[in-house]
Amino acid sequence: MTLPPQVAASIDDDGVWHVDGGDLGCARLLIHLRRHVATLEAGTVVHLTSTDPVAPIDLPAWCRLTGHVYLGPVEPAARPTYAIEVAAAPTPTDPNKPWHRA
């Protein structure tokens with residue numbers, strides 16, 4: 001599988017990470033998100049921006065699979081943005097198919 005292009009990620013003054021997934025489809029977006037959250041400490045909040053219409057369905061399902069906490073949509077936001085909290089001991093998933101357990 002081809003790895004997704006790098007997406008912009010930054011941290012704000014409140015310690016919230018912002019990841020801009022742009023118009024990546026959820027499968028490619030989850031590959032990037034999996035790699036990104038693996039570098040963060042437990043309890044870190046990530047705001048993920050994604051225009052994929054399936055994101056509000058796939059992100060909660062991926063969080064249930066991995067143990068990360070889905071915090072829901074971020075309001076107000078200029079573009080669709082969703083919040084997750086990084087788990088202390090997430091369930092491992094396949095690096096190329098993060099919607100499958102390892």
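Mentor: We will take confidence, strands, core, a helix and backbone geometry in turn.

Trainee: What is the mean pLDDT of the chain, and where is confidence lowest and highest?

Mentor: Where pLDDT is low, the predicted coordinates should not be read in detail. This is a predicted model, with a mean pLDDT of 89 for the chain, and 94% of its residues reach 70 or more. Confidence is lowest in strand 1 (residues 8-11), with a mean of 81, and highest in strand 4, at 98.

Trainee: Does strand 3 run parallel or antiparallel to strand 2, and which way does strand 5 run against strand 3?

Mentor: Bridges give the pairing. Strand 2 (residues 17-20) and strand 3 run parallel, joined by 4 bridges. Within that pair, Val19 has Leu48 as its bridge partner. Strand 3 and strand 5 run antiparallel, with 5 bridges between them; here Thr49 stands opposite Thr81 of strand 5.

Trainee: What handedness does the unit of strand 2, helix 1 and strand 3 have?

Mentor: Strand 2, helix 1 and strand 3 form a β-α-β unit that is right-handed.

Trainee: Which residues have the most contacts inside the largest nonpolar core?

Mentor: That core has 19 residues, and those with the most contacts inside it are Leu33, Val37, Val46, Leu48, Leu59, Trp62 and Ile84. Helix 1 (26-37), strand 3 (45-49), helix 2 (55-66) and strand 5 (81-85) each give two or more residues to this core.

Trainee: How many residues does helix 2 have, and which of them are buried?

Mentor: Helix 2 has 12 residues and spans 16 Å from first to last C-alpha, close to the 16 Å expected at 1.5 Å a residue. Its buried residues are Ala55, Leu59, Pro60, Trp62, Cys63, Leu65 and Thr66. These buried residues pack against helix 1, strand 3, strand 4 (69-73), strand 5, strand 6 (93-94) and strand 7 (97-101).

Trainee: Which residue follows helix 2, and where is the cis peptide bond?

Mentor: Most residues other than glycine have a negative phi, and most peptide bonds are trans. Helix 2 is followed by Gly67, with a positive phi near 100 degrees. The cis bond joins Glu75 and Pro76, with omega about -15 degrees. Pro76 lies in the loop between strand 4 and strand 5.

Key
Residues are numbered from 1 along each chain as its sequence is written. This is a predicted model: local features need pLDDT of at least 70, side-chain atom pairs count only at pLDDT 80 or more; totals for chains, interfaces and linings use all residues. Side-chain values use heavy atoms; hydrogens and water are left out. A nonpolar core is a set of buried Ala, Val, Leu, Ile, Met, Phe, Trp, Tyr and Cys residues joined through side-chain atoms within 4.5 Å. Buried means under 20% relative accessible area, exposed over 50%, partly exposed in between (1.4 Å probe, protein chains only). The expected span of a helix is 1.5 Å times one less than its number of residues. Contact means heavy atoms within 4.5 Å. pLDDT is the predictor's confidence in each residue, from 0 to 100. Two strands pair if DSSP finds at least two bridges between them. A crossover is right-handed if, with the strands pointing away from the viewer, the path from the first strand over the helix to the second runs clockwise.
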